[in-house]
Amino acid sequence: MKASTSECTFEELQEVRADLQRTVLPSHIDCPPRNFGTAAHGKLKADNWFVFAAILAPISFVRLWSVNDQSERKGRLLLHLIALSQAVWLGSRVCHTDSTIAEFRDHISDYVSSIPKLFPGKKESVRPNHHMALHLHEYFKAFGPAHSWSCYPSERIIGYLQKMG
């Protein structure tokens, strides 16, 4: 049984949840909900997606999808995920050099360019956000690290206000 709109099987999703339970993160890192991947968890916050993409997903999927008996597709999906994970890590740095900016550009380019190859026939598989991500390296050069110009603090306040009702 496959999880809806996912390349991940239900069993693999169960393994990811189990890894979430077993993984100990520093206290300053907000872990995604333990019931990640269910309707009950609701929407994930940006920092939850960051932790999942940059830390938890690579831990689980390298273990699950890098075994010798996996399909070639799972291997390509793993490389796709790793490119995203590396881009997320590099894009979230508080200090950038020309080298880290170039690495970010290369990883996000690999990630976006592999989308149509991995999901052929899917209408609009490359979204405007993907296109925008291809230009983030220009923002890093012009404005510095993302934390100095992103809207994350404002989004966090909006999240608190939404909870109030």
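Me: Which helices do the buried residues of α4 pack against?
Reply: They pack against α3 (72–91), α5 (128–133) and α6 (136–143). Contact means heavy atoms within 4.5 Å; helices are DSSP runs (H or I, at least four residues), numbered from the N terminus. This is a predicted model: local features need pLDDT of at least 70, side-chain atom pairs count only at pLDDT 80 or more, and totals for chains, interfaces and linings use all residues. Residues are numbered from 1 along each chain as its sequence is written, and side-chain values use heavy atoms, leaving out hydrogens and water.

Me: Which residues of α4 are buried?
Reply: Thr 100, Ile 101, Phe 104, Ile 108, Tyr 111, Val 112, Ser 114, Ile 115 and Leu 118. Buried is under 20% relative accessible area, exposed over 50%, partly exposed in between (1.4 Å probe, protein chains only).

Me: Switching to the largest nonpolar core. Which residues touch the most other members?
Reply: Phe 52, Ile 55, Leu 56, Phe 61 and Trp 65, out of 20 residues. A nonpolar core joins buried Ala, Val, Leu, Ile, Met, Phe, Trp, Tyr and Cys residues through side-chain atoms within 4.5 Å.

Me: Where does the largest share of this core come from?
Reply: From α2, with nine residues. At least two residues each come from α1 (10–22), α2 (46–65) and α3.

Me: What does Ile 55 touch?
Reply: Leu 25, Ile 29, Phe 50 and Trp 89, not counting residues up to four places away in sequence.

Me: What lies apart from that core?
Reply: Another core, of twelve residues. Its members include Ile 108, Val 112, Ile 115 and Phe 140.

Me: Where is Met 132?
Reply: In helix α5. Met 132 is partly exposed, at 34% relative accessible area.
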